[in-house]
2 protein chains.
Amino acid sequence: METNTIVENSRTQMRRGVLEYSILLVLRSGDEYASSIIQKLKDVDIIVVEGTLYPLLIRLKNLGLLSYRWEESPQGPPRKYYMITDKGKQQLEELDSTWQELVRSIDSIRSGAQMQIAAAENNQ
Amino acid sequence: METNTIVENSRTQMRRGVLEYSILLVLRSGDEYASSIIQKLKDVDIIVVEGTLYPLLIRLKNLGLLSYRWEESPQGPPRKYYMITDKGKQQLEELDSTWQELVRSIDSIRSGAQMQIAAAENNQ
DNA sequence: TTTTAATACCTTGTGTCGCAAAGTACTGAA
DNA sequence: TTCAGTACTTTGCGACACAAGGTATTAAAA
């Protein structure tokens, strides 16, 4: 269990890295309020908690990537539905590229051999 | 340029998330010293600097995932070559799975539609 | 009518960690 | 014996995720 902590820790780190990206991706498919975002991410094993999400949503809103509207709930207090702005969509596209590049980067380190080629090309 | 900072920031976050994993991957292909690790990661566009790497290597060594040996340099002071331990290899395998799961998770949010299925399955 | 339970949003404090910057040390050539 | 190059290390700061606790709304139960 001491051993597991190392991997668990690194797993958490990885998830953190894609948090903003994940949220934008979820909102690209439709407007959501905080709890439903948490649920959707949980469904794909990306764990986020309230204390993380709320400040993040506010940050993204202040950056102009998101906006929100209030909407009545069938039960309980009103919900704050977040939606992605045009600016948000544009940034999301860039993050998409970034993500794909990262996947490619990891792939090439994983298969070790290619690295010498890349290194040779860059070192000239 | 204000706009770029958002993406740049998120890009950095993503890279951070895979730092430990990347280092273990590099060392799986062979022993390396700090500067050469930095170079190899730079070759695949994963930027790491000394102030980040040294503490990280020490942390991984203290966790028993890495060990090192000193080796003469053809020029300059001796180099600390890090190598991955058996424990490190075992943990790396788990990180490999973690990474693949993350890639799958992101893929499924990206294609939005699948999410309702997953949600329906989990909510019963 | 007031208590409880459920839902939802928000804030504070703490710990971790990446990174810029500055420092130490070894080597060999000028 | 100074300088330049290489390599390892440490310190201080800032950002951020997250646990924990807090506020507000609603409706049903007591």
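Asp96(B) forms a salt bridge with Arg110(A), the closest N and O atoms lying 3.0 Å apart, where a salt bridge is a side-chain nitrogen of Lys or Arg within 4 Å of a carboxyl oxygen of Asp or Glu. This is a predicted model, in which local features need pLDDT of at least 70 and side-chain atom pairs count only at pLDDT 80 or more, while totals for chains, interfaces and linings use all residues. Side-chain values use heavy atoms, with hydrogens and water left out, residues are numbered from 1 along each chain as its sequence is written, and chains are lettered from A.

**Interface of chain B and chain A**

- Across this interface the rule finds four salt bridges, and it also finds nine residue pairs in polar contact, both residues being at pLDDT 80 or more; a polar contact is a pair of N or O atoms within 3.5 Å, and within protein one must be able to donate a hydrogen and the other to accept it, residues adjacent in sequence counting only if both atoms are side-chain atoms.
- The side of chain B that touches chain A draws at least two residues from each of α1 (2-17), α2 (19-28), α3 (34-43), α5 (86-110) and α6 (114-122) of chain B, helices being DSSP runs (H or I, at least four residues) numbered from the N terminus.
- The largest share of that side, 17 residues, comes from α5(B).
- In contact (heavy atoms within 4.5 Å) are 51 residues of chain B and 51 residues of chain A.
- The two chains bury about 4,700 Å² between them, 62% of it on carbon and sulfur atoms, buried area being the accessible area (1.4 Å probe) that two parts lose on being put together, summed over both.

**Helix packing**

- In chain A, α2 (residues 19-28) and α3 (residues 34-43) pack at an angle of about 105° with their axes 10 Å apart, the axes being lines fitted to C-alpha atoms over the stretch in contact and the angles running from 0 to 180 degrees between N-to-C directions.
- α2(A) is therefore roughly perpendicular to α3(A), a term that covers angles of 65 to 115 degrees.
- Ser22(A), Ile23(A), Val26(A) and Leu27(A) of α2(A) make this contact with Ile37(A), Lys40(A) and Leu41(A) of α3(A).
- In chain B, the axes of α2(B) and α3(B) come within 10 Å and cross at roughly 105°.
- The residues in contact there are Ser22(B), Ile23(B), Val26(B) and Leu27(B) of α2(B) and Ile37(B), Lys40(B) and Leu41(B) of α3(B).

**Salt bridges**

- Over all chains the count comes to 18 salt bridges.
- Arg59(A) and Glu20(A) meet through their side chains in one of them (3.4 Å, N to O).
- This pair links distant parts of the chain, with Arg59(A) in helix α4 (residues 50-62) of chain A and Glu20(A) in helix α2 of chain A, 39 residues apart.

Note on methods. Angles under 35 degrees count as roughly parallel, over 145 as roughly antiparallel, 65 to 115 as roughly perpendicular and the rest as oblique.
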